[in-house]
Amino acid sequence: MSKQFTRCGILFVVSAPSGAGKTTLCDALRQTPNFTYSVSCTTREPRAGEIEGEDYHFLTERDFLERVRAGEFLEYAKVHEHYYGTLQKPIRAHLDEGVDVLIDIDIQGAAAIRQYDDPLIRRALCDVFIMPPDLDELRRRLTKRGTETAEQIELRLTTAAREMELWRDYRYTIISQSMEEDLTKFRHIMGAERYLSRRLVLA
Ligand code: 5GP
């Protein structure tokens, strides 16, 4: 007798210190079918080339804090002196439809989602840490990117050193190499997670 299976979407939470190659990885993953990238809100200024609604929803601090009060965020945090937050409504809608969602958030955001008081979200969660090879390499990548001042780079490196201590809190850790290798590893994780028995629902 054939049985009809469905499954809820997976919430892929990816954290990585700035410059670990996460943005490039996330951009490449956006092309995957049955998969969507969640656009966060932030109060930081757009960088050159960033597009409203595609890279971030760029909000004023006042607007951001109003949304916090209205309970619109699944999680939010202050990172490098700016607010960043994940809107909960679109995420729930996608998970309910069986679409996998990727969110690119810092370690505070990942910790908040692990504790989130909703079994649907906790069951959907698959958290992945992208570990940069080392701080020197990170410094090289940030300097090459050229979007931060020397002072901002130092702040990001200090945060990175702290974040790199927390890789054990994540279900998976990818030691960052080339973008292609990171992408292949991520696709392996994605494949395995999609076939977990516990994610299937018998219709
Ligand atoms: P950037 O300013 O370089 O785009 O991002 C800075 C940091 O903010 C990164 O570590 C990124 O993962 C984090 N971030 C981006 N969006 C969110 C979010 O919605 N929530 C949290 N907690 N962190 C975020």
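The exercises below, each with a worked solution, concern the sheet, the helices and the nonpolar cores of a predicted model.

**Exercise 1.** State in which order the strands of the open sheet lie, and find which strands form its edges.

*Solution.* Begin with the order of the 5 strands, which is E3-E8-E2-E9-E10, with parallel pairing. Next, look for strands that pair on one side only: these are E3 (35–37) and E10 (172–175), the edge strands. Finally, follow the sheet from one strand to the next, where the twist averages 25°.

**Exercise 2.** Describe how E3 is joined to E8, and then place the helices H3 and H4 against the sheet.

*Solution.* Start with the pair itself: E3 and strand E8 (residues 100–104) run parallel and are joined by 3 bridges, and Thr36 stands opposite Val101 in E8. Then turn to helix H4 (residues 107–114), which packs on the sheet, touches E2, E8 and strand E9 (125–131), and makes an angle of about 150° with the direction of E2. Helix H3 (residues 88–96), for its part, lies across strand E2 (11–15), E3 and E8, and runs at about 150° to E8.

**Exercise 3.** Identify the residues that touch the most other members of the largest nonpolar core, and trace which elements supply this core.

*Solution.* Of its 20 residues, Phe12, Leu29, Leu102, Val128, Ile130 and Phe186 touch the most other members. At least two residues come from each of E2, helix H1 (22–29), E3, E9 and helix H8 (179–194). Leaving aside neighbours within four places in sequence, the contacts of Phe12 include Phe35, Leu102, Phe186 and Met190. Apart from this core lies another, of 19 residues, among them Leu95, Ile107, Phe129 and Met131.

Definitions and conventions. Residues numbered from 1 in each chain as written. Predicted model: local features only at pLDDT ≥ 70, side-chain atom pairs only at ≥ 80, totals over all residues. Heavy atoms only, no water. Pairing = 2+ DSSP bridges. Helix = DSSP H or I, 4+ residues; strand = E, 2+ residues; numbered from the N terminus. Axes fitted to C-alpha atoms, helices over the stretch in contact; angles between N-to-C directions. Contact = heavy atoms within 4.5 Å. Core = buried A, V, L, I, M, F, W, Y, C linked by side-chain atoms within 4.5 Å. Buried < 20%, exposed > 50% of the residue type's maximum accessible area, 1.4 Å probe, protein only.
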